[in-house]
Amino acid sequence: MMNKYSINDVREITIPKIVSPENMGSLSFIEKDIIPFSIKRVYYLYDVPINGERGGHAHKNLSQVLFALNGSFEIIIDDGNNKKTIFLNSPNIGLFIPSGIWREMKKFSKNSICMVVASDIYKESDYYRNYKDFINSK
Ligand code: T46
């Protein structure tokens, strides 16, 4: 049984950004208290072609925060009742997506990198990969 989160529970999380006073770039970091769950996995998407599409599923229990470490992409979130499109393009702004939210990712810029911190290890049994199954679970 999925938790009943809606797209209103999806929110941006801004992590620290320390800009070098000598113009030598920026540093951001993720510490445990910034993320609303304990991190059990980190993975990243890269080499995605500009017409590539990722996602197209929901999770039964997993929570995640997505970061555009480089470049940008769009994320369409859908709770079965409402949809919203969010644009990510800052390496220090993550998107928290709780369980029970369908997501589709599109419009990747060249050389974009999406890094994801997740509340659990990879479990295929945690996915709804079929939209009808997702809707029927509500
Ligand atoms: C999500 C978006 C942002 C693994 O073996 N381990 C992993 O940790 C992951 C995430 C995937 N896989 C395998 C499962 C598939 O055979 O890698 C293959 C591609 O996975 P998937 O089609 O789920 O990839 P995306 O980019 O569509 O979705 C992934 C995450 O699955 C998903 O939770 O929110 O990135």
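This briefing covers the ligand site and the open sheet in this structure. The model is predicted: local features need pLDDT of at least 70, side-chain atom pairs count only at pLDDT 80 or more, and totals for chains, interfaces and linings use all residues. Residues are numbered from 1 along each chain as its sequence is written, and side-chain values use heavy atoms, with hydrogens and water left out. The ligand takes up the space of the largest pocket. A 5-strand open sheet includes β5 and β10, and both strands also give residues to the shell around the ligand.

**Ligand contacts**

- The ligand has 14 residues around it; Arg41, Arg54, Gly55, His59 and Tyr127 come nearest. A residue counts as near if one of its heavy atoms lies within 4 Å.
- Polar contacts here are pairs of N or O atoms within 3.5 Å; within protein, one atom must be able to donate a hydrogen and the other to accept it, and residues adjacent in sequence count only if both atoms are side-chain atoms.
- Tyr127 places a polar side-chain atom 2.5 Å from a ligand oxygen atom.
- Arg103 places a polar side-chain atom 2.8 Å from a ligand oxygen atom.
- Gly55 uses a polar backbone atom, 2.8 Å from an oxygen atom of the ligand.
- Taken alone, the ligand exposes 650 Å², and the protein buries 69% of that. Accessible areas come from the Shrake-Rupley method with a 1.4 Å probe; for residues, only the protein chains shown count as cover.

**Shell around the ligand**

- Two or more shell residues come from each of β4 (41-45), β5 (54-59), β6 (64-70) and β10 (102-106). Strands are DSSP runs (E, at least two residues), numbered from the N terminus.
- β5 gives the most, with 4 residues.
- By class, the shell has 6 nonpolar, 4 polar and 4 charged residues. Asp, Glu, Lys and Arg count as charged; Ala, Val, Leu, Ile, Met, Phe, Trp, Tyr, Cys and Pro as nonpolar; the others, Gly among them, as polar.

**Open sheet**

- The strand order is β8-β7-β10-β5-β12, with antiparallel pairing. Two strands pair if DSSP finds at least two bridges between them.
- β8 (83-88) and β12 (127-128) are the edge strands, each pairing on one side only.
- β7 (residues 73-78) and β8 pair over 6 bridges. Glu74 has Phe87 as its bridge partner in β8, and Ile75 stands opposite Ile86.
- The β7-β8 hairpin has 4 residues between its strands. Gly80 in the turn has a positive phi of about 100°.
- β7 also pairs with β10, over 5 bridges. Ile77 has Arg103 as its bridge partner there.
- β5 and β10 run antiparallel, joined by 3 bridges. Arg103 in β10 is the bridge partner of His57.

Notes
On a 1 Å grid over the protein atoms alone, a cavity is a set of points where a 1.4 Å probe fits but cannot get out, and a pocket is an open set with protein on both sides within 12 Å along at least five of seven lines; lining residues have an atom within 4 Å of a point. A molecule sits in a cavity or pocket if more than half of its atoms lie within 2 Å of its grid points.
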